Amino acid sequence: MSTRIAFLKGHGTENDFVIVPDPENAVDLPPAAVAALCDRRAGIGGDGLLHVVRSAAHPEAEAMADEAEWFMDYRNGDGSVAEMCGNGVRVFARYLQHAGHVTEGDIAVATRGGVKTVHLAKDGDVTVGMGKVLLPEGDVTVSVGERSWPARNVNMGNPHAVAFVDDLGDAGTLYEAPPFSPASAYPDGVNVEFVVDRGPRHVAMRVHERGSGETRSCGTGACAVAVATARRDGADPAVTGTPVTYTVDVPGGRLVITEHPDGTVEMTGPAVILAEGEIDADWLADALA
C-alpha cells in the first residue's frame, strides 16, 4: 500500500460519500477501515463509501465486465456491504465524469444490484435507471415507540418498508432502526421510510438507512416511496400503460421518480463532487489498530 491513498468527497441531495478510486482493486478496505473513514468526527465523514473499481478487477463484478467497465463497490457508513445506493450511483457517475473516464450521455455502472444505466445530462442532473421494482407479498408493520403503522414492502435491489404518517415528526429521532414485524420479512434488515403528502404526486419523506442511521436522502428509498405512493393512489403503470412520475422531497433536496409500464424505475437528481485529497496510510493503520 502506498503511504497515501487518494479520496474525494461527494453528495447527492446531501446523501454524502467518501469516494476511493481504486481501478485495480488494490486497496484493502475492511469494514473497520470504512467505518473509520466515514466517521464524522475522527474521519472524513460520510453516509457511505464508494469504492471505484474496474469490474474486471473485482470478483463480485467480473461477470458484468462486458456490460459495465466500472463497479460501484458500495459500503454503508458502518462498513457493511449494501446491494445498491441510488444517490451513490449518481455520485459515482459524476466522479467518473470528473476523472475523465466518461463524458455526458449514457453509461453503465455495475452494482451488486445488477448493471444500472446512468445518463449524465448537460444541465448537471443525473438520471439512473434503477431497474425493476418488486413488491413482495405479505403485511409489514413498523414502529416508533408505542406507535405502529402498516408499511408497504418494496424492493429496489435492496429492501424497503414504506409507512405513510400524518407528520414527519412521527418518525421520532431515527437514531435507532425502527422495529418491524414480521422479522422474516427482512432477514438482513431494512431501510424504513416515513412519508407525508405535499400535493398531487408530490410527497416528502424521512428515512432510516440500515447501517447508516437517518440520512439526508436515500435514492432507492425515494424510488420505493414513489412506487408505494402510486399504488396507494391507485396508479399502476403496468395496468394503465402510462408512466407515472412523483416528486419526492428529502431533507437534502428533491428527487424526481418515474415508474414505467414495464416495471422499471428512473430517478433524476443532482450529484456533486466537492473536494479531493489524500488519506494518510499511517492514520488508517492506527485507526484499524
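What follows is a set of questions and answers on this structure.

Modeller: This is a predicted model, in which local features need pLDDT of at least 70, side-chain atom pairs count only at pLDDT 80 or more, and totals for chains, interfaces and linings use all residues. Residues are numbered from 1 along each chain as its sequence is written, and side-chain values use heavy atoms, with hydrogens and water left out.

Colleague: At what angle do helix α1 and helix α5 pack?

Modeller: Helices here are DSSP runs of H or I with at least four residues, strands are E runs of at least two, and both are numbered from the N terminus. Helix α1 covers residues 31–38 and helix α5 covers residues 281–288. Axes are lines fitted to C-alpha atoms, for helices over the stretch in contact, and angles run from 0 to 180 degrees between N-to-C directions. The axes of α1 and α5 are 9 Å apart, and the packing angle is about 115°.

Colleague: Which class does that put α1 in relative to α5?

Modeller: Under 35 degrees counts as roughly parallel, over 145 as roughly antiparallel, 65 to 115 as roughly perpendicular and the rest as oblique. So α1 is, relative to α5, roughly perpendicular.

The packing angle again is about 115°.

Colleague: Is the crossing of α1 and α5 left-handed or right-handed?

Modeller: A crossing is left-handed if the near helix is turned anticlockwise from the far one by less than a right angle, and right-handed if clockwise. For α1 and α5 the crossing is right-handed.

Colleague: Which residues in α5 meet α1?

Modeller: Contact means heavy atoms within 4.5 Å. From α1 come Ala32, Ala33, Ala36 and Leu37. Their partners in α5 are Trp283, Leu284, Ala287 and Leu288.

Colleague: By class, how many residues in the contact of α1 with α5 are nonpolar?

Modeller: Ala, Val, Leu, Ile, Met, Phe, Trp, Tyr, Cys and Pro count as nonpolar, Asp, Glu, Lys and Arg as charged, and the others, Gly among them, as polar. The contact has no polar and no charged residues. The nonpolar count is eight.

Colleague: Is Asp73 buried or exposed?

Modeller: Asp73 lies in strand β4, residues 70–76. Buried means under 20% relative accessible area, exposed over 50%, partly exposed in between, with a 1.4 Å probe and protein chains only. Asp73 has 0% relative accessibility, so Asp73 counts as buried.

Colleague: Which side chain makes a polar contact of 2.8 Å with Asp73?

Modeller: A polar contact is a pair of N or O atoms within 3.5 Å; within protein, one must be able to donate a hydrogen and the other to accept it, and residues adjacent in sequence count only if both atoms are side-chain atoms. The 2.8 Å contact is with the side chain of Arg75.

Colleague: Which side chain makes a polar contact of 2.8 Å with His51?

Modeller: His51 sits in strand β3, residues 48–54. His51 has a relative accessible area of 1% and is therefore buried. Leaving aside neighbours within four places in sequence, the contacts of His51 include Val20, Asp22 and Phe92. The 2.8 Å polar contact is with the side chain of Asp22.

Colleague: Which backbone oxygen lies 3.0 Å from a polar atom of the side chain of Asn191?

Modeller: Asn191 is in strand β12, residues 191–199. Asn191 is buried because its relative accessible area is 2%. The backbone oxygen belongs to Pro159.

Colleague: Which peptide bond is cis, with omega near -5°?

Modeller: Pro182 lies in the loop between β11 (180–181) and β12. The cis bond runs from Ser181 to Pro182.

Colleague: What is the phi of Arg201?

Modeller: Arg201 is in the loop between β12 and β13 (202–209). At 44% relative accessibility, Arg201 is partly exposed. Arg201 is not a glycine, yet its phi is positive, about 50°.

Colleague: Which backbone nitrogen lies 2.8 Å from a polar atom of the side chain of Asp39?

Modeller: Asp39 is in the loop between α1 and β3. Its relative accessibility is 32%, so Asp39 counts as partly exposed. The backbone nitrogen is that of Arg41.
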